[in-house]
Amino acid sequence: MTAGDHFHGDVVHMNQTTDSVGIDKRTMAAVPPPTTPPDLGQALATLLPLLQELRRQLGQEARPLAVRTVEAAEADITATAEPETRRTALERIGGIAETAGPAGAAVLAVIHQILTLLGG
């Protein structure tokens with residue numbers, strides 16, 4: 001190659017390969033951003049008072065770590081949260097709610113509804 005050479009188009013480097021058949025010219029379509037289900041806001045609004053009751057019950061049972069975990073996870077379940085962050089927070093709260101009696105059962109029912117809305 002000299003200083004005056006100009007190359008336009010594909011440049012392919014093949015190192016230690018055999019049986020190469022060509023260049024893959026497919027283009028990848030952009031992945032659309034995740035959409036928020038329309039009923040999510042209402043389900044989250046239903047969940048928040050139930051979480052307050054759950055925290056109150058856990059506090060009476062002298063389970064401060066569970067109370068702090070629920071409080072921390074609440075910030076991650078907003079409608080604007082990243083989907084994976086929200087799902088992880090809901091699963092964390094659900095694990096605590098399973099051990100919390102009637103208040104936990106109500107929380108679990110709404111968490112199940114939210115996860116269904118989110119597709120899983």
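Okay, let's start with P102: at 69% relative accessibility, P102 counts as exposed, where exposed means over 50% relative accessible area, buried means under 20%, and partly exposed is in between, with a 1.4 Å probe and protein chains only. P102 is found in helix 4; helices here are DSSP runs of H or I, at least four residues, numbered from the N terminus.

Quick housekeeping. This is a predicted model, where local features need pLDDT of at least 70, side-chain atom pairs count only at pLDDT 80 or more, and totals for chains, interfaces and linings use all residues. Residues are numbered from 1 along each chain as its sequence is written, and side-chain values use heavy atoms, with hydrogens and water left out.

So, helix 4. It covers residues 101–117, 17 residues, and runs 25 Å from first C-alpha to last, close to the 24 Å expected at 1.5 Å a residue (the expected span is 1.5 Å times one less than the number of residues). Which residues of helix 4 are buried? They are A103, G104, V107, V110, I111, I114 and L115. Looking down the axis of helix 4, these buried residues fall within an arc of 140°, so they line one face of the helix; the arc is that of the directions from the helix axis to the C-beta atoms. P102 sits with H112 on the face turned away from the buried side, and both are exposed.

What covers that buried side? The cover includes helix 1 (40–60) and helix 3 (83–97), with contact meaning heavy atoms within 4.5 Å.

On to helix 1, then. Helix 1 has 21 residues and reaches 30 Å between its first and last C-alpha, close to the expected 30 Å. Its buried residues are L40, A43, L44, L47, L51, L54, R55, Q57 and L58, and they pack against helix 2 (64–74), helix 3 and helix 4.

Now the core. In the largest nonpolar core, 23 residues, L47 and L54 touch the most other members; a nonpolar core is a set of buried Ala, Val, Leu, Ile, Met, Phe, Trp, Tyr and Cys residues joined through side-chain atoms within 4.5 Å. Helix 1 gives the most to this core, with seven residues. Leaving out residues up to four places away in sequence, L54 touches V70, I93, A97, A100, A103, G104 and V107.

Last bit, the helix ends. Just after helix 1, A62 takes a positive phi of about 55°, and just after helix 4, G119 has a positive phi of about 90°.

Note on methods:
Helix = DSSP H or I, 4+ residues; strand = E, 2+ residues; numbered from the N terminus.
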